Amino acid sequence: MVQTCTCRCGKSAVKVDGRPLARFVCHCTICQSVYKAPYADVTTFLSGSITLDPERPAEFRKYRAPPALRRGTCSHCSAPVVGFLAVAPFLTVAFVPSQNFANRAALPPRLAHIFYERRTEDVHDTLPKISGYWASEFKATRMVLGGLFGNR
């Protein structure tokens with residue numbers, strides 16, 4: 001997959017050149033705040049698949065203590081652009097908002113809802129709905145590692 005992903009105003013962008021690992025929906029309160037929405041639909045990649053556009057940069061910040069997802073947002077519209085999480089010393093995963101892809105049909109299907117106990121509205125679909133901090137973290141890790149090792 002090769003695509004340029006932009007925020008809603010187009011002033012921040014990243015290039016994605018790699019295989020998606022997983023796609024899921026997060027209902028945590030940080031995602032709700034950053035996305036200004038009831039949840040975040042994200043597609044994950046190895047961080048080496050992401051190239052930040054120096055002409056259209058994102059501003060990065062952490063919203064909680066380490067290990068924390070460094071979230072990059074557009075300095076103009078404040079929309080999410082990309083996030084990075086160091087899973088291990090040798091493994092960093094990138095989280096790209098699925099809404100930022102021009103060709104969303106090329107994305108893998110959503111696999112689950114995580115942090116569902118934090119939802120602001122019920123979602124009526126057939127995906128697994130995972131509640132609880134550790135259960136959600138475990139499910140997200142399993143989805144990403146499953147994509148990395150080819151067994152979703």
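Me: Which residues does Phe24 touch, leaving out those up to four places away in sequence?
Reply: Phenylalanine 24 touches Ala40, Asp41, Val42, Thr44, Phe95, Leu111, Ala112, Ile114, Ala140, Met143 and Val144 (contact: heavy atoms within 4.5 Å). This is a predicted model, with local features needing pLDDT of at least 70 and side-chain atom pairs pLDDT 80 or more, while totals for chains, interfaces and linings use all residues. Numbering runs from 1 along each chain as its sequence is written, and side-chain values use heavy atoms, without hydrogens and water.

Me: How many residues are in the largest nonpolar core?
Reply: That core has 20 residues, and Phe24, Ile114 and Met143 have the most contacts inside it (buried nonpolar residues, under 20% relative accessible area with a 1.4 Å probe, joined through side-chain atoms within 4.5 Å).

Me: Which elements give two or more residues to this core?
Reply: They are β3 (22–26), α1 (29–35), β4 (40–46), β9 (91–97) and α2 (133–148) (DSSP runs: helices of at least four residues, strands of at least two). A second, separate core of 16 residues includes Val14, Val16, Phe45 and Val96.

Me: Now pockets. What is the volume of the largest one?
Reply: The largest pocket has a volume of about 870 Å³ (an open set of 1 Å grid points where a 1.4 Å probe fits, with protein on both sides within 12 Å along at least five of seven lines; lining residues have an atom within 4 Å of a point). Of its 39 lining residues, Arg64, Leu69, Leu85, Phe115 and Glu137 are the closest to the centre.

Me: Which element gives the most to that lining?
Reply: α2 does, with eight residues.

Technical notes. Buried < 20%, exposed > 50% of the residue type's maximum accessible area, 1.4 Å probe, protein only. Points joined across faces, edges and corners; volume = space filled by probe spheres on them.
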